[in-house]
Amino acid sequence: RGRLTKQKRIIPYFTRDEIDYKGRLAKKGLELLRVDSAVDRFFLQVQGSGIVTFEDGSTQRVNYADSSGHTYRSIGKHLIAKGVLTEENVSMKTIRAHLEKYPKKQRKILTHDPSYVFFRLVDDGPFGCFEVPLTAYRSIATDRRAFPAAALGLIETEKPKIDEKTGKITGWQKFTRLIVNQDTGGAIKGPG
């Protein structure tokens, strides 16, 4: 993936920093929607689909259309390497909390990941690799080089028991479920 220069050379597409902070795509009429939070926009891109809620309460679904072609770089791993978070406590929640606590550091942290996801407007979804809505609680995403699309699988793990009043984990329970490899994810690499 790349872009064509005036000299007819293909060069890498713009990075997250160039798009979000240097305005390389600004004033070209390419925007579908505007999101007022850089952190929300980033996590929407990581998830690959979502629902945007407008000020009047109406909503619009968006789904992955393509990416900039840059290799995804985990900001969670970056924050662990910097000693900000640990492997034991890194999660979307802790990353979000750190980004919101230190807004002046957001650009440096978010642009550690140069990849950029572009969306399309959809009425249904989210959609996976077959362009049909995913099956709730049954769809997973894997690296297609390791596992074929539509492969069936079995998850055997433990899931937390959550106290409804406190929201804290009170224990663990065995969890087994049949799943199908029908989701997609550009950052999912390798068999693990």
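**Figure 1. The loop that holds P126.** P126 sits in the loop between strand 5 and strand 6 (139-140). Helices (H or I, at least four residues) and strands (E, at least two) are DSSP runs, numbered from the N terminus. The peptide bond from G125 to P126 is cis, and its omega is near 5°. This is a predicted model, in which local features need pLDDT of at least 70 and side-chain atom pairs count only at pLDDT 80 or more, while totals for chains, interfaces and linings use all residues. Residues are numbered from 1 along each chain as its sequence is written, and side-chain values use heavy atoms, with hydrogens and water left out.

**Figure 2. The whole protein.** Five helices and eight strands make up the protein. Their pattern along the sequence is β-β-α-α-β-β-α-α-α-β-β-β-β. The C-alpha trace spans about 60 × 40 × 40 Å along its principal axes.

**Figure 3. The loop that holds K8.** K8 is placed in the loop between strand 1 (3-4) and strand 2 (10-11). Although K8 is not a glycine, its phi is positive, about 65°.

**Figure 4. Helix 2 and helix 4.** Two packed helices are described by the angle between their axes and the distance between the axes. The axes of helix 2 (residues 38-47) and helix 4 (residues 92-101) cross at roughly 155° and come within 11 Å. Helix 2 is therefore roughly antiparallel to helix 4. Axes are lines fitted to C-alpha atoms, for helices over the stretch in contact, and angles run from 0 to 180 degrees between N-to-C directions; angles over 145 degrees count as roughly antiparallel. From helix 2, V39, D40, F43 and Q47 meet M92, I95, R96, L99 and E100 of helix 4 (contact means heavy atoms within 4.5 Å). The residues of this contact divide into five nonpolar, one polar and three charged. Here Ala, Val, Leu, Ile, Met, Phe, Trp, Tyr, Cys and Pro count as nonpolar, Asp, Glu, Lys and Arg as charged, and the others, Gly among them, as polar.

**Figure 5. G153 in strand 7.** G153 is part of strand 7 (residues 152-162). Leaving aside neighbours within four places in sequence, G153 is in contact with R177, L178 and I179. From G153 to I140 the C-alpha to C-alpha distance is 9.2 Å, and the two are 13 residues apart in sequence.

Key:
Parallel < 35°, antiparallel > 145°, perpendicular 65-115°, else oblique.
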